[in-house]
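Subject: Structure handover and findings

Hello,

Here is the structure for your work. Please open it alongside this message.

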Amino acid sequence: MPRTPIDITVPDLTGKRAVVTGASDGIGLGIATRLAAAGAEVLLPVRNLRKGEAAIGALRAAVPDARAALHTLDLASLDSIATLGEALRGEGHPIHLLVNNAGVMTPPDRQTTADGFELQFGTNHLGHVALVANLLSLLRTGRARVTSQISVAANQRSINWQDLNFERSYNGQHAYSQSKIALGLFALELDRRSRAAGWGITSNLAHPGVAPTSLLAARPELGRERDTLGVRLIRALSARGILLGTPDTAGLPALLAATDRAARGSSFYGPSGPGHLGGPPAEQKLYSRLTDAEEARRVWAVSEELAKVSFPEPGAGSASAAGEGRPAQ
């Protein structure tokens, strides 16, 4: 039976500047392409410039008049994040949309970032915390919508407070879940602090459901030489239209959360089909792991310390935005 097409309408984004992490392929490239087609200027900060150039080529093939530019960014390096932040602050253009989409998933063996953090926690979570901090003044000026991409895995496991970097006992799936729970809690706390301090930023969450994207595919650089059995099964079910989404539909919840005028801060968007694995995007109930505001404040404080950044206190809402959120000295 043919699959019923699933899509959303993206409003006119002419005059808006958008930043999409992880846009060199997969879901991120799809999101960036749709934003460009709606008239936004899209920045693609990528780690691999060769892949980035191919992504820009594919984007412009789909949207010939696209306004898009590459920047270098390795979310596993705080120095790289600071360098990008300095460059974009130097340009001085407001950022209106930020989609924290990039991520790595379940390397079979424990790996670390350039700064010594467990790779998933350091990349998926701390890297995006540092990016938001470095771009905060531009996000405030643009009264930005910040959408952070989490996962169905954020509805599993917990924060491993006794061993955040999994130095004593590594479990790839637990570490992945932790990274997505932490990012979700941070994003919700960002929205609370923005409302309390008048930063003008709206922060919400999305998840792609389950679809055959590149996240679980063979990644030799992560120690995964071949596709997992899981991703082969996901491909088979998706191709038959059984429960799961497709690479095209997987990006729609984040696109809805980032662009729909009715999308709210502190809200959560994902597929609305059975088990929220696939189907049209819609607002959803927050996962239980994301509802504890005290846990979110704890994640915020620890993340500032580890990522070596500082955000203004909520009572500093009237202060000048210049320099706010930059790396702590």
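Below is what was found in it, grouped by topic.

This is a predicted model: local features need pLDDT of at least 70, side-chain atom pairs count only at pLDDT 80 or more, and totals for chains, interfaces and linings use all residues. Residues are numbered from 1 along each chain as its sequence is written, and side-chain values use heavy atoms, with hydrogens and water left out.

Strands and F268

Helices (H or I, at least four residues) and strands (E, at least two) are DSSP runs, numbered from the N terminus. Two strands pair if DSSP finds at least two bridges between them. Strand β6 (residues 202-206) runs parallel to β7, with 2 bridges. β7 and β8 are antiparallel, with 4 bridges. F268 takes part on both sides: L205 has F268 as its bridge partner in β7, and Q284 in β8 stands opposite F268.

Aromatic pairs

There are 4 aromatic pairs in the structure. The test covers rings of Phe, Tyr and Trp (its six-membered ring): centres lie within 6.5 Å, and planes under 30 degrees apart count as stacked, over 60 as edge-to-face, the rest as tilted. One of the pairs is F268 with Y287, edge-to-face at 4.9 Å centre to centre and 75° between the planes. This pair links distant parts of the chain, 19 residues apart: F268 sits in strand β7 (residues 268-271), Y287 in the loop between β8 (281-284) and α9 (293-307). F268 has 0% relative accessibility, so F268 counts as buried (under 20% relative accessible area; exposed is over 50%, partly exposed in between; 1.4 Å probe, protein chains only). Y287 is also buried, at 10%.

W300 and F311 have ring centres 4.6 Å apart and planes at 45°, so this pair is tilted. W300 is in helix α9 and F311 in the segment after α9, so the pair ties together parts 11 residues apart in sequence. Both residues, W300 and F311, are buried. Ring pairs join F186, W300 and F311 into a cluster.

A charge over a ring

R298 lies over the face of W161, 3.8 Å from the ring centre. The criterion is NZ of Lys or CZ of Arg within 6 Å of the ring centre and within 35 degrees of the ring normal.

Salt bridges

The whole structure holds 10 salt bridges. Each is a side-chain nitrogen of Lys or Arg within 4 Å of a carboxyl oxygen of Asp or Glu. Three of interest follow.

- E189 and R192 meet at 3.0 Å, N to O. Both lie in helix α5 (residues 172-197), 3 residues apart, about one turn of the helix. E189 is buried at 4%, while R192 is partly exposed at 27%.
- E283 bridges to R264, with the closest N and O atoms 2.3 Å apart. This pair links distant parts of the chain, 19 residues apart: E283 is in strand β8, R264 in the loop between α8 (252-259) and β7. E283 is partly exposed at 41%, and R264 is partly exposed at 45%.
- R297 bridges to E294, with the closest N and O atoms 2.9 Å apart. Both lie in helix α9, 3 residues apart, about one turn of the helix. R297 is partly exposed at 38%, and E294 is partly exposed at 48%.

Salt bridges that share partners also join R17, E41, R67 and E91 into one network.

Best regards
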